[in-house]
Structure formats: C-alpha cells, structure tokens
Amino acid sequence: MEISIESRNVSRTFKTGRNSETGGILKALDDVSIGIRRGELFGLLGPNGAGKTTLIKIFCTLLLPTKGSAYVSGHDVVKEADSVRRIISMISGGETPGYGLLTVAENLWFFSQLYGIRGDIAKSRVKELLGAVSLSDQEKTRMNRLSSGMRQRLNVARGFMNDPEVLFLDEPTLGLDVISAKQIRGYVRNWVNTHPEKTVLLTTHYMAEADELCDRVGIIHEGRIVACDSPSNLKAMIRNRKVFQFQVAGAGDHAKLNAVKGVVGLSWTHRIESDVSTLKVVLSDDAAVSEVESSLKASGSRILSTETPEPTLEDVFIHLVGKGLE
Amino acid sequence: MNRITLSGDLERNLRTIMARTYVRIVGAFREPSWLIWDTVLPIINLSAYVYVYKVMNAPPEFTGFVILGGAMIAFWLNVLWDMAAQFYWEKETGNLEPFLIAPISRMAMLMGMAIGGVFNTTIRASGILLAGVFIFHVTFHISDPVAALLAFGLTITSLYSLGMVFASLFLMYGREVWHMSHLFQEPIYFLSGFYFPVKFLPFWLQVLASAIPVTFGLDAIRKILILGAGLQDVSVNIVALAFFSLVLFLMARWALRYMEDMGRREGRLTLRWQ
C-alpha cells in the first residue's frame, strides 16, 4: 500500500526563554516516525501539548523539523514545500479565517481563488459545501453576522474547497455543539469513503471521535508516539487488563491510588457541585480491586457504584501513559 | 499527481491578486464611513499649512504643493499602516495559515492588497485634490499627462514595494514592528517634503531625503502638475523612481522568502500575540 504521509525520526524543539523550567528548550516532538497509507483516515490522539499540532504544522510546511524528515505524497516538506502545498489543505478547529465584511459565499470563493479554481467550478463547489455544513441558507450573510459555530462550519467548508489530496484536520470539532460535530464527522467519513484516493490525518483529544472515525490511531504523549494501530487492536491491547469505573463521594486524594499494587493507570473527574468523582482505574488483575476499594475508603471517599465498562481508547491511553487525557 | 505548470502558477497568482483586491475594495464600500473621515480630517490638517503660507505671503504655488503633498501622504499612510501590517492582521484573524499553505506567491497576496489599497486611497486623495481646487482655488496643469501618469505610477510602485519589504518584517516579528512604522512616519513626512519643497532643506538633508522614493515622486508630480513641467524636465526623477521600483520590488521578493524561511525555522510564522 502506498504511503501518503510519512515522518522519519522527526523531532522539533522550541526556544522558550532562559528562565523557563525546561532549561530554555521545549521538545515538542521527539523522534516521531509514522507512515499513513493513501486512502486512510488516521487519527493522532493525545492531550493538549502532546505535539499533535506541531506535527501537523510540519506536514503543512508551516514549520521545519529540527531533526528528521517528513513527506506528503512523496514530496519532502522542507525541500518541496510548493509541491506539498498544491495537494493539501488544513482545517484547524476553533479558527474562523475569512473576512467579516464578505458574505459566506464570497469568503469561500476567495479561498478557492488561492488554488486557481475557475469561477463556475468554484460556484458549484461553494453550493455543495454549504449544503454539507448546513449553511446553504446563510450563503448571502456576511461572515461577521454568523454565530461562532457557523463560522467554524464555514471554516470546515473552506478546507474542502480545493478538493485536497491530503487533508489535515487539527481538532476540527473543537468547541462545536454535539449536532454540528456529528455532522462534520459524518461528512469527513463519507468524503474518505467516496474518495478512496484521499488521505486524512486527524488530531483530536476526543476519544470517541478517534474511535468512530479513524482506520488507525496513533497515541502521542509528550512528543512521542507510544502506540499505533486500529482502534479495535488498541483496545485489544488491554483485554487482559481490567478496567473499573468507580463513582465515589468525597474528594479524597485519588492520586494515592497509583501507589496501590496492581494499578496500571488512573484518571478521574470531579464534580464540585455534587462532590462526586468518577474514577477510571486500569488494573493488572481482578484481585487488585479490593486493594483499590480499601484505599478509597481509607482516604475518606465513599464508593457509590462500581462498574466494569467495555475498554475504550481512553482506557488504552491510561494503560499506556498511566493517566487520563484531561 | 498534480503537474506543476507555469500557466497554472500564473493563473493561480493572478486569481489571488484579483480575489485580494476584491476583498479590499468591496470591504471598504460595505463600511463607507471612512470616506468622510479619511477625506475631511486630512483637509483640516492641510488647511493649517495653507494658511501659514498665506500669512507668510508665500508664492501661490505653495498652496498647490501642500495639497499635492497631502494627497501623497494618504498613499504613504496606506503603505505604512495597512500594506506593511497586512500579514500581522491576517495572522491575528487566523487567515495567515490558510494563505501560507496555499500554493501561491506571497507577493501575489500583497499585490492584491496593494491594488485594492491604491484604489481606495486614490478616492481619498481625489477628495483632497478636489478640496484644494474648490476651497483653495489650486490650479493643476495637465499639459503632459504621460509624464504625470508615469511619475505617479512609478511613485506608487516604489512606495508599495517598500510596503512589501515592511510586510516581510511584520510576517516574522508581528507587533514588535509597530515601532518601526511609528519611527518612519514623521521623519518621512519631513524628509520627503510633503508640506514644503525639499530644495529648502540643507544640502546634507537633501542627500538623505534622496534615499526615499517618495521624495523624487512628489517633486516630479509637483513640477508637472503645479509648475507645468514636461517629461524631459523630470527625467532624473523618473529614472530614480524606476530604479527604486525595481530594487525595492526585488528586495521585497527576497525579504518575504527570507523571513518566511526564518519563521518556519524558528516557529514564529503563525505565532500570535507576539
């Protein structure tokens, strides 16, 4: 199978100033090697600051790698940036590029011109894409009169205007409402299914999004790829592990659970208004659960419920990294 | 695989120029209030100079010099604050990333901005000239329209090429370069002789002023439109302006590439709030 997006031992560092805790150098990517096949929808999953956007910016020719090399459709992103730019597009979630005084349709037409698209083709593509992101009725509305969610959907449409061979989606559903996010995910999946020659690299920290959309997922943590496989294979990695979910009342020191024998990884969320925490604990075996329960009680928490849910990508992340994405 | 062709590149860049020009012109006319403020306020400022010359019993052509200087200031301000800072604003609004990953020349984007800027500023400058004619009874000679158009066209080309050089600095350093714009504004008002002929400056200041393209442009335009000079009379100015246009255009091309490469290397290309 032909490789469409590839990085070979890519590292990227940034200068952060002399007084910083990192000694003035931040290592955003550390020896990252991935190969994404043509026609694949590949997800890069990791928390904020893991290096996802840095890697995308390198592939999109916005940033040079400090070490290593990267290729898009065989073109070196450093030496053949112009060739890469002809075949790619990028959509960054939360961004709303365009001009407020132009209408929705005019903005899309504007971006189509950067790719030399003829007027009649641009016009029909604008109509098609506005339909895809449910903005047909806003075609003649000025961009500065759209809601932020609408502007984000317009940004998604913009990313498809040049019908790219390789599409980079950087947290594309960030900040979108549930329905809009689902609609965007559906459009992306359908686009890849109906265009088997297209390749998509999606970064996200939404586990469900990666699980639902991606053919394969790479898990990135502190600039390193710690696992890479299909969502089902990744989840199979922890089939011998036990995942327990506890609802507990009282804000004990949950981090202490990491010291309990048999605990492989742990994450939790706490709801201040109800003083209830939801803990996910990945255990090496069932026997450790009683130790965990004892530790919770000892720290002053009251166990409200215990469940053993089906493993998710989040559990895989906890298993690999030792903590959750949040 | 996409084939790279010259005609494809050319068409894409021409379409980019057209699209960016469209944004500038259409955008301006959807918020037309600037027409009033950008025309009326400069006239008040220029009036002060006109009355100073009247009080001093200066020759009547000085009123024309001031009005023409005021019209050309509009272009200088457009270059300094809109054209130069273009990439800074695009960065802040999230437009720069889509521009930079598009297969277009950065010059094409800036040329679209320049054409739109020249169009809008010409309206403003025309307002100032009309005020000069109707309020201060300035008489303009258009005995050699070719010379006038050549001098104006080359002045604008060199000015906006200088704007592209500045734009490359904004691309790399963002807001830090605001200071440079402030630094350039007043000294160039003074040295280019926007409000008075440069020949009244000491010789060493005239030499310094000759490094600024607008000095030659304004001098030529004044000679043609106020003193009735022809192409031969301003040939030195025309040659100097052509030289400035070429050098600054090439410098802008080099500077944009250099700054973009440096930005990619240092990770500052799309860094905001800097």
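In chain A, take the contacts with a separation of 6 or more: 72% of them join residues 24 or more positions apart. This is a predicted model, and that figure is computed from it like the rest of what I will show.

Staying with chain A, 47% of its 326 residues count as buried. Its secondary structure comes to ten helices and 14 strands. The C-alpha trace spans about 70 × 45 × 45 Å along its principal axes.

How is chain A divided? There are two parts: domain 1, made of 3–87 + 164–230, and domain 2, covering 240–310. Between the C-alpha centres of domain 1 and domain 2 of chain A there are 33 Å.

Next, a sheet in chain A. Four strands form an open sheet in the order β12-β13-β11-β14, and the pairing is antiparallel. As a reminder, strands of a sheet pair through backbone hydrogen bonds, either parallel or antiparallel. Which strands are at the edges here? They are β12 (263–271) and β14 (302–307) of chain A, each of which pairs on one side only. On average, neighbouring strands of this sheet are turned by 20 degrees against each other, direction ignored.

Look at one pair in that sheet. Strand β11 of chain A, residues 242–249, and strand β13 of chain A, residues 276–283, run antiparallel and are joined by eight bridges. If you want a place to start on screen, find K242(A): opposite it, in β13(A), stands L283(A).

Now chain B, and where it meets chain A. In total, 29 residues of chain B are in contact with 27 residues of chain A. On the chain B side, the elements giving two or more residues are α1 (6–30), α5 (96–100) and α11 (235–266). The largest share, eleven residues, comes from α1(B). By type, the chain B side divides into twelve nonpolar, nine polar and eight charged residues.

Last, confidence. The model scores ipTM 0.89 and pTM 0.87. Chain B averages a pLDDT of 89, with 96% of the residues scoring at least 70. Where in chain B is confidence lowest, and where is it highest? It is lowest in helix α8(B), residues 178–191, at a mean of 82, and highest in α11(B), at 95.

Notes
Residues numbered from 1 in each chain as written. Chains lettered and ligands numbered in written order. Predicted model: local features only at pLDDT ≥ 70, side-chain atom pairs only at ≥ 80, totals over all residues. Contact = placed C-beta atoms within 7 Å. Nonpolar A, V, L, I, M, F, W, Y, C, P; charged D, E, K, R; others polar. Pairing = 2+ DSSP bridges. Axes fitted to C-alpha atoms, helices over the stretch in contact; angles between N-to-C directions. pLDDT = per-residue confidence, 0-100. Domains from an automatic or database assignment. Buried ≥ 20, exposed ≤ 12 C-beta atoms within 10 Å, placed from the backbone.
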